[in-house]
Each structure stands twice: as C-alpha cells, then as structure tokens.
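Open the model in your viewer and keep the selection tool ready. This tour says what to pick at each stop and what is there.

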Amino acid sequence: MNRLEQLTASLREHDQRGVAPYLTAGDDGLENTLAELHALERGGAACVELGIPFSDPIADGPALQAAADRALKAGTTLNSVLQMIKDYRAAGGQLPIALMSYANLLVRNKLGETAMEIADAGANALIVPDIPIEEGAALEQACAAAQLCPIFFAAPTSPQSRVVEAGQRSRGFLYVVGRVGVTGGSTSFDEETQSFLKQTRELSQAPIAVGFGIATAEHVRAATQSADLAIVGTALVRHLHEVGQAGGNRAQAAQQFVEDLVTGLK
Amino acid sequence: MAKGIPSVKVCGLTRVEDALHAVEHGADAIGVVTVEASPRCATPELARSIFESAPDHVWKVLVTTDSDPQRVAQAASQCGATAVQLCGNHSASGWSDFALPLLRRLPVSEEAQAVIKEWQPMVLAFVLDSAHTAGGSGVTVDFNLAAKLAQQVPCLLAGGLDEGNVAAAIDAVHPLGVDASSRLEATPRQKDQARVHQFIHNAKQQMSKATTAQAITSVGPYFGEFGGCFAPETLMASLLELEQAWRSAMADPGFRNELDGYLKNYAGRSTPLTFAQRLSEEIGVEVWLKREDLLHTGAHKLNNALGQALLAKRMGKKRILAETGAGQHGVATATVCALLGLECVIYMGAVDAARQRPNLQRMELLGARVEVVEHGQRTLKDAINEAMRAWVADPDAHYLLGSALGPHPFPALVAGFQQVIGEEAREQFEQQAGGVPDTVVACVGGGSNAIGMFRGFVDSNGVDLVGVEAGGTGVKSGEHAARFQGGIPGVLHGCFTWLLQDEDGQIRHTHSVSAGLDYAAVGPEHAQLEALQRARYVDATDDQALDAFQRLARLEGILPALESSHAVGWVIANREDLQGQRVLVNLSGRGDKDMETVMGILSGDQA
Ligand SMILES: Cc1ncc(COP(=O)(O)O)c(C=O)c1O
C-alpha cells in the first residue's frame, strides 16, 4: 500500500473524513506551489491533488483554465513539477499526492516510463480526466508497475454498472464528480446529490473523494456525510490567485483556507 | 525495383523452375530460406541463382534467423536479395539503419505487442505466423488475433496457407499480403506447381475484393492503434447512447431512406462531377472536380449535419451544440436545426468569427446562438474545447461534431455520413470518364471531406489517395497545420492521433489562411491510412491555395473555399509529377465566405 492507500484505508477504519485541496502546479511559479504544499500540510489537509497544467483542459472551467495558462506561462512542465515534488519530499513533506494530468502529457513519452518517474519523484496516484475505464488498461498497468494508484471517475450521469467497475479498478479512492459540468461551478448538496453520493459510497469498492464545487467548511460538512474525502479546487485556486495579486502571502493564505475547511469535518 | 508491400509471396523455394513458375503466375515476392535447421534451407549459391532468375519488379526475400545485421547484409548482397525477412527471436538493436527493407516475423500470440513495439519503426511490414514455430511449419494462426494485429500494423499473413484456405484466411484477417510455403509442396523441397498457381489465383482474387477497405474503414473505436474514446466520465453515458442509436439507425432502412430523402430533395444530392477543361489544358493534368460546393449551404458539411440531426431527433434530443472553424459546419448545423425545429448553439473562435464573418451572420439569421470563444488561439481547437465543456455541462443535448475526429463513435459516424461523396464520385467517374482516376485528392482539416471521398476508392489499390494538409507559410517556418509532417501521435479532443505538440506535450499553435484546416489534430482514420501506406499526406501552402483560388475562378468560373483550394493548389504545384494523369479533386466547398480574406491579401500584395 502506498501513502494514499494507507491514508484512505485508515480513514475508513476509523470512520474519519479528510479534506483534499487541489492546486494547479506552477500557478504563480513552482516555488509558490512548493511553499503551499507545506502550508496545506500544516493547515490539516489529508492529501493533495496536484494538477499538471495543460494547454487544452476540456474538463475545466474558466478559473482552472486561467490557472493552467499562468502556470504554462511561468514555464511549468511535467518534469519541473516532478522536481518540485522531490524537493517537497526531501524537506520532509508527508502529504499523499495525487497527480492530475490530461492524457496527452502522459503518453507523450512511454506511459510506463512516465509513471515510474512520477512515482520516483514521490507522487502516489494518477488522476486522468480524459481516460475513462474503456481506455484504462494501459494506465492501470503502468500504475501497477510503478506502485501508483490509478484513479477513475464516477459522475451523476454514470450508470451503476460503471460506478461499480470504476470503484473496483481505482486504488486509493474513486473520484466522484459531484455534479454535471466542468470544474468551477457550485454544487448544491441537495437531497439528490446526497443520495447519489450515498449510493456511490455503497457501490464503490474504493473509498470515495467528491469534488467539483466545494468551497466552504459548510460544503465540506455536507460532502463528507458520504464521501471519505472532500476535494476543494477552484475556490482555493481562485483565492490564492487573488491573494497573490494583492501582494499577499499565498502560502499563509493556503494554510488559513484549509484550517477553516477542516472545521467542517465531523 | 519492387514497390509498396508484397501481396502474394511464395516462400521456401529451392528450385529455379519453381521460382520461375510462381513469378509467371503473378507472385510478386519470392522467398529463399537460409536457416540451416529448415528442411527448405538453400545454400547462398542456390539463393543467388533463384533470385537472378526473377525480374526486377519481384521482391527477392532472404529469410534468416541470423541476429547479426552485418552478416545478414553481406549474405543479402551476395545473393542479390532485395529484402530480408527476420525470423529469429533476437532483439531489434542494431537493425535501425539496415539498408534493405525488412520484414519481421510476428508471432500471433500475447508476445505480439512487445515485438511490434520494438520493431515497428524499422520494418516495412510484419509477417503474421504461428506462435510456436519459426515458420514453414504448416500450422495456421488464430485468425481473430491476427485480424486485430493486421488492423494495427502493416502485415502479411503466413502460417499453413494453401490454395484451399487462403481466401477464407484473407477474408478473416484482411492482411496486406499473404505468404505460403510448406503446404504448397508436392514432395519435400519441390513445389506442386498446379497448387502454387491456384494459390496465387485465389489469393489475388480475394485480395482485390475490397479487403484492404475493410481493414481500414472500421466502425471504431480503433483504427489500428489510433482513435479510441478519451472522454471525461460525465460524457461517457452520452457517447455510449450515441453509439447505440447510430448502430440501430444504420441497421434501419427507414432511417437511411429518410436521410436519403433529405439529401436528395433538400440538400440537392447528387452533386455533379465537373471536368475542369481549361485548368486541365493549362497544367497538362486531367482534373475532375467533385462539386460539394454546390450542395445546399455550400460545403460537404451538410451531409454530416443532416445525418446527425436526424439521429439526434431519433434519440429525442431537443438541443444541439456544435463547434465551427470556417463556419461551414456551423451554418450546416444551424440550417438543419431550423429545418427540424431544434435549438442550436454554435461555438466559434474569435479569430475565425472575424475572418469568416458572412458565415457568422448566416448562422444568426438561421436562428442559432453563436458563442464567440476568446480563449487560447481563438480558432477551431478552442471552439471544440468550449463545445465539449458545454456538452459536459449539458449531456442531454446532442453534440453535433463537424469532422471525422473526437471520441468514438464520432470519427466513424461522421465518415459514414460523408462517404456518400466517394460513392457518388466513383460511379460518376466511371460513367463520365471511364474506369477509376489515377489520383484522388482532398484537403484535410479534421478529415471529413477527405475520408468521405477516400472511402469510395480505398479498395482500389491502384488509386493514389492524397490528403492535403495546410502548409501555412511553409512547414519549415513552423507556421502551419501539417500534422503528419510536424506532429507526434498523442491525445486531443478524445482520440489518439497525429497532432502538433511541443516537447512537453502542450498543443502547439497552428496557422493556415483557411480556418477549416487550421487545427492541431487529424482524424484517426487518416492516421491509420497513413500507417498502412494506403494514403499519403502532403501539404499546400497559403500561397499555393491562393493561387488555386484565383485560377479556378478565372479558368472555370468557380470560387472554391480556401480549404478546397489547398487540394487544387497541390495538384497545380505538382503538375509535373501528375502529367497525363486523371486526377479527381474533392471541391469540398465554395469560397464566398473567404472573399474578405482573399481580397484583403490580394490588395495587400498590390500595395
Ligand atoms: C469547405 C471546407 N472544406 C474542408 C474543411 C475541412 O474539414 P474536413 O477536413 O473535416 O473536411 C472545411 C471545414 O471547415 C470546410 O469548410
């Protein structure tokens, strides 16, 4: 079991929940991302989702598109992100890291070798929004050899049989899209969403992490009624950018943001 | 010199008279085995006299298990071989710059993928053979697996073939060629000439029955190693629903009839085939134009828009989303939505909205809402990004994708709705000109007009299929959209295919004077046609397209779309090589939409 599997297994065992913040790697430069990782850890994050910027992120809304553009402009590449993760681990960073990348960045070179490099750098999982279970075999093989967790998705549009299969084939957690749409909109945790999450938890062999639209401690409380992890992406990315623009300290802001979010955990 | 890929190979020859006989009856490759353990092993001297007996156009293949490239090169040159077939279990290292074309034994087993990965860059073709033996064993292979491999890479089929089973084997596997040896022997080391004759005859007959066409034109999700369905989970239910609806519609004569009715009575099919007399005289090439510019709304795009909109209605969809580059697909979509009473939203990059303004206005007049995309390079790629995001948020809508690209089932589905172009053109050419053209040319943006045309001719191996990409200001300048020249396979917009990307995997900016060709990826079926060497992909520059635009206007009274002008421009630029040929060009659309762009450039030129 790698770091991420240990985390989610232990959450399940103790009936606990966690907050998983998302950062676009290299937004405002990788030095900032490195500092923010440490800050998120101090603030009480359970693990982190780290997005590799891609020029054409079709599953992302305007805020994360803009963050990717900023990161690319700052010269961020998969390799430079991996180096940053090494630095984080060398400085004692303990958070499990799930790397989020669009498929093209991973198949640019041999997928198997890329997965090895990602694992060697110290990341623990691969989330690929444009690799559904139909195309997942190569990802699973590469991850298995590198001891990374392959993570698949379930959406409100997924038939039950797909949820079951995605849950079986995911390691660490199953990524549950809380609502229909790209990243950045708001999710209302109404009855329908809650029953979808409850059902997904029952269908999925892997623990579940829910994302898309979680922004506040209140949302975290609602999401973790069924989900093991609440992923907080756009809200955090937008907040940190605003703080940075205003000349504030991004890392400090990241820590405070998570400290607030975790108050929503039971 | 022998060309292409051998289609009928007779192997294990040990007598000059057997070789002469095989060649006389049409074998285009002969093989001599120099593996000592083989019962059909020949000495270097014997190999030499067998190869010397055959004419130049025949492949002379030396079959060996030797792992040393230098020794093999020497042996091949001593006996006059023109190709080498490797049957040993050794690795590929050292073979990458071998001077002669290489064939490589491919065991039909789980090992196959590893062999393909290692050898594909350096071989002309693979030879599918039984997993357990080194060839010449007479054991037939697992046809199911062999068929998959033959879709993936260029393959000859070997293993226990004879005159009795070769037709069925070709039908099951669709290889590019066949190879037989032991089962054609009367006695050890002596061929049964009657059976060899019959084998060649049966093989050729079956091969000509559109077998390559079936190997190439698939219904997806894969075209060889290309294609697939790389889509976000939120869309998967919609994509699976679409695939099912499409399959059921295709099996329903009622649907086909309804579509044919609209194509004929609303869109104006069939479109004419025009002999371009004055242009032909000027360039010394007989040019025939398939007039998709005369289809309602002015481009081939309507064929697909009608097909998909009827499918959407059948699925009970009320709202249509679409992207557009040149605006032709947007106009076609807005048109069918008006016709069928569907709500319509079109995404168009801001750069394209400016350079194809008449089409933007047409869409609005037709009642569509046009969303202008201000992100990225603000062209077709970004319009597709935005349309896909809109679909992710609204999976109850139908996404009416405009070219033969994207996630499965779109590439196959769009090609299926466009193949009417090639089917008509083939029949018209036969009637008006007789026979088939020497060369068929089409421009390639995403690839829908080209694949529609090519599908009509892909089974005639003698017809040269040429796809013309946007050369922009020249491929060397980096300002172009020639994916096959400057690209690397990868994943964009849902499929694995050739695409323009940088070293880190970020999608590169593209440039073309024509909005419809200005796109970073090419449809996966074209990627496969290229891999199988059934079609070739070239480019025409902005200037060549502009030249063609003006010539066609002045010589034929036709204003072609700037996209289609690339196809004509390539023919004009390559007229020396095409002298005396009959060339069929797909004139995919008309050029009214491009007036502003062309006039702007021309007046700039004069200033
Ligand atoms: C007239 C015309 N030809 C060709 C194209 C290129 O698309 P495709 O390669 O799908 O035929 C377009 C696209 O907008 C077009 O409008």
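**Stop 1: a lysine and its partner**

Select K593(B) and E563(B): their side chains are joined by a polar contact of 2.7 Å. Keep in mind that this is a predicted model. K593(B) sits in the loop between β24 (582-587) and α25 (595-606) of chain B. Is K593(B) buried or exposed? Its relative accessibility is 3%, under the 20% cut-off, so K593(B) counts as buried.

Now show what surrounds K593(B). Leaving aside neighbours within four places in sequence, its contacts include A326(B), Q328(B), R355(B) and P358(B). A561(B), L562(B) and E563(B) are also among them.

**Stop 2: a salt bridge close by in the numbering**

Select R590(B) and D592(B). Their side chains meet in a salt bridge, 3.3 Å from N to O. R590(B) is partly exposed, with a relative accessible area of 32%. D592(B) has 42% relative accessibility, so D592(B) counts as partly exposed too.

**Stop 3: two salt bridges across chain B**

Side chains of opposite charge can pair when their charged atoms come close. Select K9(B) and D179(B) to see such a pair: a salt bridge of 2.7 Å, N to O. Which parts of the chain does this pair link? K9(B) is in strand β1 (residues 8-10) and D179(B) is in strand β8 (residues 177-180), 170 residues apart. K9(B) counts as buried because its relative accessibility is 0%. D179(B), at 5%, counts as buried as well.

Next, pick R314(B) and D252(B). Their side chains form a salt bridge of 2.9 Å, N to O. R314(B) lies in helix α12 (residues 301-314), and D252(B) lies in the loop between α9 (233-250) and α10 (253-267), so the pair ties together parts 62 residues apart in sequence. R314(B) is partly exposed at 37% relative accessibility, and D252(B) is partly exposed at 25%.

**Stop 4: a network in chain A**

Move to chain A. Select D27(A), D28(A), E36(A), R70(A) and R250(A) together. A network of salt bridges links these residues. Over all chains, the structure holds 45 salt bridges.

**Stop 5: where the chains meet**

Show both chains. How many residues of chain A are in contact with chain B? There are 35, and they touch 36 residues of chain B. The area buried between the two chains is about 2900 Å², with 55% coming from carbon and sulfur atoms. Select I58(A), R108(A) and E135(A): they supply 23% of the area that chain A buries against chain B, more than any other three residues.

Two salt bridges are counted between the chains. Zoom in on D56(A) and K381(B), whose side chains meet in a salt bridge of 2.6 Å, N to O. There are also 21 residue pairs in polar contact between chain A and chain B.

Now colour α3 (62-73), α5 (103-107) and β6 (153-154) of chain A. These elements each give two or more residues to the side of chain A that touches chain B. The most come from α5(A), with four residues. That side of chain A divides into 19 nonpolar, seven polar and nine charged residues.

**Stop 6: confidence**

Colour by pLDDT. Chain B averages 93, and 97% of its residues score at least 70. Select residues 210-215 of chain B, where pLDDT stays under 50. Where pLDDT is low, the predicted coordinates should not be read in detail. The model scores ipTM 0.97 and pTM 0.79.

Notes:
Residues are numbered from 1 along each chain as its sequence is written. Chains are lettered from A and ligands numbered from 1 in the order in which they are written. This is a predicted model: local features need pLDDT of at least 70, side-chain atom pairs count only at pLDDT 80 or more; totals for chains, interfaces and linings use all residues. Side-chain values use heavy atoms; hydrogens and water are left out. Contact means heavy atoms within 4.5 Å. Buried area is the accessible area (1.4 Å probe) that two parts lose on being put together, summed over both. A salt bridge is a side-chain nitrogen of Lys or Arg within 4 Å of a carboxyl oxygen of Asp or Glu. A polar contact is a pair of N or O atoms within 3.5 Å; within protein, one must be able to donate a hydrogen and the other to accept it, and residues adjacent in sequence count only if both atoms are side-chain atoms. Ala, Val, Leu, Ile, Met, Phe, Trp, Tyr, Cys and Pro count as nonpolar, Asp, Glu, Lys and Arg as charged, and the others, Gly among them, as polar. Buried means under 20% relative accessible area, exposed over 50%, partly exposed in between (1.4 Å probe, protein chains only). pLDDT is the predictor's confidence in each residue, from 0 to 100.
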